[in-house]
Amino acid sequence: MERLAPRKTPLVWRVATVRDVRTESATARTIVFDVPDWPGHLPGQHVDIRLTAEDGYEAQRSYSIASPPADHALELTVELIDTGEVSPYLVEELQRGDQIELRGPIGGYFTWQPADGGPLVLLAGGSGLVPLMAMLRHRDASGATVPVSLLVSARALPALLYRDELSCRARDGVEVSYTLTREAPSGWTGWNRRVDAEMLRAVGADPQRRPLVYVCGPTGFVEHVAELLVGLGHDPHAIKTERFGPSGG
Amino acid sequence: MALISRGFRGRRRTDVDPARIPPGQYVVEGFPVLSAGPTPHVPLDQWTFTVRGAVGEPRTWSWEEFLALPSEAVHTDIHCVTKWTKLDTEWRGVSVDTLLGGVDASAGFVMAFCDGGYTTNLPLADVTGGHAWVAYEYDGKPLEPKHGGPARLLVPHLYFWKSAKWVRGLEVLDHDQPGFWENLGYHNRGDPWKEQRYWSD
Amino acid sequence: MDPTDEHEGEHLDGNGVAGILQQVFAADFTTFQRVCQSCGDRNMGGALRSYLGAGIVLRCANCGDVAMRVSPRDREIVVEMRGVWSVAITSS
């Protein structure tokens, strides 16, 4: 199977135009951009966004790409951070037709493509789901049959991203599980606690299966899950992690 | 020429007297947490503060002894080389004059050393004469570990990387030598009003 | 890597600074292999821990020793690298 390498294009700021916005949860939305001459990306990569105020003040942040490489538009799903500087603008202010500066794609470490094989175990904390969603969407779009087990951890039901889409994708070798770490509604059938070793075993993160494991979320989540995985016998070097913090805001 | 983002203003405070803001800085409301490494957690019964080097016998205080030293309240603005300024911060700590009392001023320089291996160099004149403290309270409460607790250096008239977090002592030197950021090209003195960010400034 | 949000001082990782470093190397730093000068651990740039201070400090995920220091400025970027780094060359 052909393995794609990121294209060797210089990293330049491009002007992206908002084609559409979609509400994903109480605090997150997806922004669909048209980016002229977008060089293409691998699932898991991110972009840098730069905002400039009228007086020249600049703020720059990184956001994971949610859309698979085959899509014509570039989609980012952004979670609002109340104390943040860039995310409130992206989630609450930006409108269709607006333009912002963006550069990418960036980072080939936290990426997956069908030639990498599997089985895949994807472990998401909050909006850490975004780059893992790009992997899952690419798996389906490319017709790959690699088994995937996705575990999504979120505080509460209203914070869950892509819920309808994930229920559609949960077939043909794709399993999706949830845990809510705070309040769960009555009738909730997922877990209702912090991720633990038993949960990881249940979603197939057993080292004997030799899965490719990707963990993405806030630093506390990633550290906790990576520690549990090492405790289960995984080689720390075989676990790919990506952390984001409030400074991703 | 960068593209202007319609309606973007950032979270800066713009309601402040410009005379209080050094060149190239902007004013923030919060208190960003910056560090060169992980936050150390040293139990207070193992914490000491040491003055050593060109001072003859090293002097060391335990945490209890340190708290028993005369302390001062400090109200000041702070300026980070990453361009944020925070106004009207409230601290309590021991004046470095108290800690260096009787040290021969001809030595010239100090190197602050810290848990986690961080260092920063300062002219003796910048940490004496009521210009610097070892602070252990912020806003009336014990200084949080993420902000440098149990104690950090506070040298508010210089860029804030000089106000070393998790400080454990001062080495008095007869020559200047660069600390952790200074040897990556950050300015040896770091006066925000002269915008001394890097060697070339 | 901007401190104006309420950054809590937790480390992130090498992925977050990949954009800045791509300006320096014109290559993807997250896939550079590095052997730590301190503990011998072998890992990729993307797996390093990153801390934001006056500049950026990347540390070995295994032992915490400094792997790289980066100082992004208005007109230049200053970089110090420690350990043994392997950078793949792809013919253009």
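I began with one pair: the side chains of Glu223(A) and Arg49(C) meet in a salt bridge, 3.1 Å from N to O (a salt bridge is a side-chain nitrogen of Lys or Arg within 4 Å of a carboxyl oxygen of Asp or Glu). I noted that this is a predicted model, where local features need pLDDT of at least 70, side-chain atom pairs count only at pLDDT 80 or more, and totals for chains, interfaces and linings use all residues. Residues are numbered from 1 along each chain as its sequence is written, chains are lettered from A in the order in which they are written, and side-chain values use heavy atoms, without hydrogens and water.

Next I looked up the whole interface of chain A and chain C, where the rule finds two salt bridges. I found 33 residues from chain A and 29 residues from chain C in the contact (heavy atoms within 4.5 Å). Together the two chains bury about 2,300 Å², 46% of it on carbon and sulfur atoms (accessible area, 1.4 Å probe, lost on being put together, summed over both).

Then I turned to chain B. I found an open sheet of five strands in the order E3-E2-E11-E6-E7, with mixed pairing (strands are DSSP runs of E, at least two residues, numbered from the N terminus; two strands pair if DSSP finds at least two bridges between them). Strand E3 (59–62) and strand E7 (119–123) of chain B stand at the edges with a single partner strand each, so one side of each has no neighbour in the sheet.

I also checked E6 (residues 109–114) and E11 (residues 167–173) of chain B, which pair in the antiparallel sense over six bridges. Here Val110(B) stands opposite Val172(B) in E11(B).

Notes. Helix = DSSP H or I, 4+ residues; strand = E, 2+ residues; numbered from the N terminus.
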